[in-house]
Amino acid sequence: MYYYYAQQARNVTDIWWKKYLTSLQIFQFSLDCVTSLFFLYFYVSGIYCRGSLRAWLVGNGMGIVFFFLFANFYISTYRRKDHKKIQ
């Protein structure tokens, strides 16, 4: 991800793998949300687990927002009908 930002800062426009990077970010935020459900299960079941419900809500909320932001970017950039194929 940071390599991509460095390339953008250098005005390198021919980055063939940026679509895949966006896909990986969407996958990452999906996985974060799914795996965090274990904390919620432990919390509801009364099993001791470090952390607070408030921290889980804030963290998961951020993950969900990032998921939708990246998904919206992916759809608007790569799934538009009038989008020309990036080489």
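Student: At roughly what angle do the axes of helix H2 and helix H4 cross?
Tutor: Roughly 155°. The axes of H2 (residues 18-35) and H4 (residues 53-78) come within 9 Å. Axes here are lines fitted to C-alpha atoms, for helices over the stretch in contact, and angles run from 0 to 180 degrees between N-to-C directions. Helices are DSSP runs of H or I with at least four residues, strands are E runs of at least two, and both are numbered from the N terminus.

Student: What sort of model is this?
Tutor: A predicted one, where local features need pLDDT of at least 70 and side-chain atom pairs count only at pLDDT 80 or more, while totals for chains, interfaces and linings use all residues. Residues are numbered from 1 along each chain as its sequence is written, and side-chain values use heavy atoms, leaving out hydrogens and water.

Student: Back to the pair. Are H2 and H4 roughly parallel or antiparallel to each other?
Tutor: Roughly antiparallel. The cut-offs: under 35 degrees is roughly parallel, over 145 roughly antiparallel, 65 to 115 roughly perpendicular, and the rest oblique.

Student: Left-handed or right-handed crossing?
Tutor: H2 passes H4 in a left-handed crossing. That is, the near helix is turned anticlockwise from the far one by less than a right angle; clockwise would be right-handed.

Student: Which residues make the contact?
Tutor: On H2, they include Lys18, Thr22, Ile26, Phe29 and Cys33. On H4, among them are Asn60, Ile64, Phe67, Phe70 and Tyr74. Contact means heavy atoms within 4.5 Å.

Student: How many of the contact residues are nonpolar, polar and charged?
Tutor: The contact of H2 with H4 has 11 nonpolar, 6 polar and 3 charged residues. Ala, Val, Leu, Ile, Met, Phe, Trp, Tyr, Cys and Pro count as nonpolar; Asp, Glu, Lys and Arg as charged; the others, Gly among them, as polar.

Student: Take asparagine 60. Buried or exposed?
Tutor: Buried, at a relative accessible area of 12%. Buried means under 20%, exposed over 50%, and partly exposed in between, with a 1.4 Å probe and protein chains only. Asparagine 60 sits in helix H4.

Student: What is asparagine 60 in contact with?
Tutor: Asp32, Cys33 and Ser36, leaving aside neighbours within four places in sequence. With serine 36, a side-chain to side-chain polar contact of 2.9 Å is formed. A polar contact is a pair of N or O atoms within 3.5 Å; within protein, one must be able to donate a hydrogen and the other to accept it, and residues adjacent in sequence count only if both atoms are side-chain atoms.

Student: Where does leucine 37 lie relative to asparagine 60?
Tutor: 9.2 Å away, C-alpha to C-alpha, and 23 residues apart in sequence.

Student: Which backbone oxygen does threonine 77 reach?
Tutor: The side chain of threonine 77 reaches that of phenylalanine 73, at 2.8 Å. Threonine 77 is in helix H4 and is buried, at 18% relative accessibility.

Student: And which one does threonine 35 reach?
Tutor: The side chain of threonine 35 reaches the backbone oxygen of aspartate 32 at 3.3 Å. Threonine 35 is in helix H2. Its relative accessible area is 41%, so threonine 35 is partly exposed.

Student: New topic. What about phi of asparagine 11?
Tutor: Phi is near 60°, a positive value in a residue other than glycine. Asparagine 11 lies in the loop between helix H1 (2-9) and H2. At 65% relative accessibility, asparagine 11 is exposed.

Student: Last one. Where is arginine 54?
Tutor: In helix H4. Arginine 54 is exposed, with a relative accessible area of 69%. From lysine 18, arginine 54 is 34 Å away, C-alpha to C-alpha, and 36 residues apart in sequence.
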